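Please read them with the structure open.

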Amino acid sequence: MGVWTEREGFVLRIVDENGVVGFGEVAPIPWFGSETMEMARAYLSHSEESNFLGDPPRVLPCCRFAVSCARSLVRQDAVPSAEEVAICALLPAGSAGLNKLQEMAALGFCFFKWKVGVESFEREREILNLMLDALPTSGLLRLDANGSWSPMDAWLWLKSLVGEQRIEFVEDPLSPLLWEAAFGLGESFETELALDIPITPDLVSVLARKGWPGMVTLKPSLSGSLEDFLEMHRQFPEKTILSSSLETVFGYESILRLASSEVIGARSCGFGGQDIFEEDGLKLHPVSPTLRPGIVEFDALEEAWEELGS
């Protein structure tokens, strides 16, 4: 994975015979199981002339997401809900996370996610205690090990969290290659676990069949069409966490609309990271503990589209 110096993707714009416009965003992350940029480019180039008639194949989940979102807007069956979506603030690793938590709490955030597995257990546990003391009264903290712990590390951490109700869950305690071993951890400790690994419809079915006891993190823009996503969500209706994939305002608005729909649970969403697009003019949603879909109006999206082409 390494350090990202740029985020590549595509924005598509569909117009029907009545002039109704819909936007969609293709934001591939190949190492997370999506198509490559080259695959997406080939499909988009081939399908643009036909105004994206027909469904992209399943091997192009990001293209499927973008096309289905754009079509949904054109059909006007994606009227923004008045329901606000709770946003989970992302915190940097190490002691910088404590400063960020205090900064975001001052803005009204109650839900936070902190990257762990970067420093020693002793040092991170010390910082965690300070973070828990700094949480708002109703605040909850998620720990994201990002697959960095060994089974022994995970056991040590989860044992230390016994009885701690302010930890909402621990995400990706083990390497994606060891996801089956997470079943044993999930059954041995009261702290809930979440999997944020390359999730495919087939893997979701396997997790449901085997009785995965924890949460499942789904990234809608990497999960295929809206219908594909909802089918996966149906298998974990109370246990799904929605997460963004560093989309621009176009993809972000799409997943915000999805998160506010009545079929999605009330857990706060991992929709941080939009600040990386600020200098590109592609961050239009405010930094806020709750967001309402449609807060970025169509005219602003159209203006951003025009800027992309300039």
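1. Where is Leu246 found? Leu246 sits in the loop that runs between strand S10 (240–242) and helix H9 (249–260). The model is a predicted one, and the remarks below should be read with that in mind. Leu246 is partly exposed, with a relative accessible area of 25%. That value lies between the limits of 20% for buried and 50% for exposed.

2. The backbone at Leu246 deserves a look. Most residues other than glycine have a negative phi. Leu246 is not a glycine, yet its phi is positive, at about 60°.

3. Phe52 belongs to the loop between helix H1 (37–47) and H2. Is Phe52 buried or exposed? With a relative accessible area of 6%, Phe52 is buried, because buried means under 20%.

4. Ser34 is placed in the loop between strand S2 (21–26) and H1. Its relative accessibility is 10%, so Ser34 counts as buried. Leaving aside neighbours within four places in sequence, the contacts of Ser34 are with Pro28, Ile29, Pro61, Cys62 and Leu222. Ser34 and Ser223 are 189 residues apart along the chain, while their C-alpha atoms are separated by 8.3 Å.

5. Next, a pair of helices. At what angle do helix H2 (residues 61–75) and helix H8 (residues 226–235) pack? The angle is about 105°, and the axes of H2 and H8 are 8 Å apart. H2 and H8 are therefore roughly perpendicular to each other, a term that covers angles of 65 to 115 degrees. On the H2 side, the residues that meet H8 are Arg64, Phe65, Ser68, Cys69 and Ser72. Their partners in H8 are Leu226, Glu227 and Asp228. Sorted by class, the residues of this contact between H2 and H8 are 3 nonpolar, 2 polar and 3 charged.

6. Gly94 lies in a loop too, the one between strand S4 (89–91) and helix H3 (96–106). Gly94 is buried, with a relative accessible area of 4%. Which residues are in contact with Gly94, leaving aside its neighbours within four places in sequence? They are Trp114, Lys115, Glu119, Ile127 and Met131.

7. Asp133 is part of helix H4 (residues 121–134). Its relative accessible area is 63%, so Asp133 is exposed; the cut-off for that word is over 50%. Asp133 and Val85 are 48 residues apart along the chain, and 26 Å separates their C-alpha atoms.

8. How many cavities of 30 Å³ or more are counted? The count is 1. The largest cavity holds about 40 Å³ of space. The residues that line the largest cavity are Lys113, Arg142, Phe169, Glu171, Thr217, Ile241, Ser243 and Gly270. By class, this lining has 2 nonpolar, 3 polar and 3 charged residues. Gly is counted among the polar residues in this scheme.

Definitions and conventions:
Residues numbered from 1 in each chain as written. Predicted model: local features only at pLDDT ≥ 70, side-chain atom pairs only at ≥ 80, totals over all residues. Heavy atoms only, no water. 1 Å grid on protein atoms, 1.4 Å probe; cavity = no way out; pocket = protein on both sides within 12 Å on 5 of 7 lines; lining within 4 Å. Points joined across faces, edges and corners; volume = space filled by probe spheres on them. Axes fitted to C-alpha atoms, helices over the stretch in contact; angles between N-to-C directions. Helix = DSSP H or I, 4+ residues; strand = E, 2+ residues; numbered from the N terminus. Parallel < 35°, antiparallel > 145°, perpendicular 65-115°, else oblique. Contact = heavy atoms within 4.5 Å. Buried < 20%, exposed > 50% of the residue type's maximum accessible area, 1.4 Å probe, protein only.
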